[in-house]
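I opened the notebook to look up one residue and its surroundings. After that I wanted to check how far the model can be read.

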Amino acid sequence: MPKETTKSTKRKAADKAEKAPKAKAKKDPKAPKRALSAYMFFSQDWRERIKAENPDAGFGEIGKLLGAKWKELDESEKKPYIEQAARDKARAEKEKTDYDGQKADSAGSGDGDDDDE
DNA sequence: AGGGTGATTGTTGGC
DNA sequence: GCCAACAATCACCCT
């Protein structure tokens with residue numbers, strides 16, 4: 001039942017251990033990237049507060065503290081962050097839309113082929 | 001129609 | 001430049 005909450009999929013740590021010897025994994029050549037998550041906006045706003053209250057807090061502290069606060073916040077508190085996330089999502093959406101469109105446009109022409117190998 | 005997978009996002013701080 | 005916990009996400013593609 002691989003569908004936990006944390007530490008499960010996104011574990012690039014173990015993946016990075018694999019390290020491609022030469023075959024560079026390329027899902028999408030110009031991957032339009034995804035969108036940010038509420039956490040990103042939340043952290044941007046809280047990071048200063050966290051450090052303000054924990055100037056000694058390094059990464060782990062801030063990370064855990066941040067997440068703890070995040071869950072402490074109410075939906076209304078996260079709402080503004082979620083809204084931003086939603087905004088970014090729409091942005092990423094258009095990104096892919098255009099990416100898909102431009103991709104289909106150059107499809108066949110074989111021009112925009114970024115081969116860095 | 002449903003499943004789950006992976007990829008991505010941002011913070012800090014040291015080497 | 002990269003990596004690490006912390007969290008969300010959710011678009012992506014396949015069977």
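Is Asn-54 buried, partly exposed or exposed? I am working from a predicted model. I looked up the count around Asn-54 and found 13 other C-beta atoms within 10 Å. Being buried takes 20 or more and being exposed takes 12 or fewer, so with its 13 Asn-54 is partly exposed.

Next entry: position. I placed Asn-54 in the loop between helix H2 (38-53) and helix H3 (59-72).

Next entry: contacts. I left aside the neighbours of Asn-54 within four places in sequence and found Asn-54 in contact with Glu-61, Ile-62 and Leu-65. For Leu-65, which is 11 residues from Asn-54 along the chain, I noted a C-alpha separation of 9.4 Å.

Next entry: annotation. The unreviewed UniProt entry gives "domain: HMG box" for residues 32-100. I looked up that span in the model and found 81% helix and 0% strand. The end C-alpha atoms of residues 32-100 lie 9 Å apart.

Last entry: confidence. For chain A I noted a mean pLDDT of 74, with 62% of the residues at 70 or more. I found pLDDT under 50 over residues 13-20, where the model has one contact beyond four places in sequence. Over residues 112-117 pLDDT also stays under 50, and there I noted two such contacts.

How values were computed. Residues numbered from 1 in each chain as written. Chains lettered and ligands numbered in written order. Predicted model: local features only at pLDDT ≥ 70, side-chain atom pairs only at ≥ 80, totals over all residues. Helix = DSSP H or I, 4+ residues; strand = E, 2+ residues; numbered from the N terminus. Contact = placed C-beta atoms within 7 Å. UniProt positions renumbered as here; feature names shortened; annotations may be inferred. pLDDT = per-residue confidence, 0-100.
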